[in-house]
Amino acid sequence: MNLPLLEVKSLRKYFPIGHGLLARRHLARLKAVDGIDFAIGEQQTFSIVGESGCGKTTTARMILLLEMPTSGHILFRAQDINRQAGLVLRKYRQSVQAVFQDPWSSLDPRMKAGSIIAEPLEINNLFPKRDIKDKVENLLLEVGLHPKDAQLYPHEFSGGQRQRIALARALALDPALILLDEPVSALDVSIRAQIMNLLKDIQERKHLSYLLIAHNLATVRYLSDKVAVMYLGKIVELGDSEALFCEPLHPYTQALLQAALPGHPRNRRDLARLPGEVPSPLALPPGCSFNTRCAVVMPVCSQGEPPLMEVEPGRWTRCHRHSDTTAV
């Protein structure tokens, strides 16, 4: 059996909450990510979806080493990254790149496109200086731009073109995994399909893996092989993309899909909306954290938190309705 490219085990990120500006005493902990597990295979797109505040961005920041986990493990090619240093850690940073939501704010407006793409090559000393220009021109061609565009500044490009530049910069170090943080949500609808098709084409040619962070479920369905649904810091459903979209298991996933992907545009107004508000992560309800909004809630739901259970091979959910299946 092939080892996954990246594996997350029991990953947690708790933020201490103090009282007052100068307080040293922590009164509570905000559980942004609370013990999640998933794996990304070679040349696979794994997506994390959920409402704002569910923990998907914090998860991405830990994988990019912008946040240190409170506990848990991030394994890249079977090596625990948080226990590495020196050359191994440097190789990891080169192998995992990111493309962010807003291509305008992620590109330095004072630098020409060619310099933006060349910067990671120069910093890491991976190419002789005489070869960097050719490498940049090839990267521009790979993302559908012209080599002459290297002389232009970010403000001279459209939003879709700026995102192509951001993708070219991410590809410069020949990564194995690219984290895509809402890569098309800031673009015009007419441009989104072009960028999504470009991502799929590059993935096939370069044998890349993607970790996609998104809230647009149509984008997720088109790009993803596997999907994890997060709610208040926990994964509540995980499985193959098509199975999850065709037959969601968790009530929260069902509500998300019904709201975002109605069978007919006229049905959107008739959708049953989730009652209540998302609970505060500082004051979670007892038992299942979704029980205050669930349409099929049972008495047991407020008595104990359900584990993540394997309902069928490769399909997992965190719901008491499936409590007779294998749990982790």
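**Aromatic pairs in a predicted model**

A pair of aromatic rings is described by two quantities, the distance of the centres and the angle of the planes. With pairs defined by centres within 6.5 Å, the count for this structure comes to five aromatic pairs. One of them is formed by F38 and F46, whose centres are 4.7 Å apart with 15 degrees between the planes, which makes the pair stacked. Both partners are buried, F38 at 4% relative accessibility and F46 at 1%.

That brings me back to the tyrosine I started with, since the rings of Y231 and Y252 have their centres 4.7 Å apart and their planes at 55 degrees, so this pair is tilted. The pair links distant parts of the chain, as Y231 belongs to strand 9, residues 226–231, while Y252 belongs to helix 9, residues 251–260, and the two tyrosines are 21 residues apart. Y252 is buried as well, with a relative accessible area of 0%. Where does F290 come in? Ring pairs join F290 with Y231 and Y252 into a cluster.

Finally, a contact between a ring and a charge: K200 lies over the face of Y222, at 4.5 Å from the ring centre.

Methods:
Residues numbered from 1 in each chain as written. Predicted model: local features only at pLDDT ≥ 70, side-chain atom pairs only at ≥ 80, totals over all residues. Heavy atoms only, no water. Phe/Tyr/Trp six-rings, centres within 6.5 Å; stacked < 30°, edge-to-face > 60°. Buried < 20%, exposed > 50% of the residue type's maximum accessible area, 1.4 Å probe, protein only. Helix = DSSP H or I, 4+ residues; strand = E, 2+ residues; numbered from the N terminus. Lys NZ or Arg CZ within 6 Å of the ring centre and 35° of its normal.
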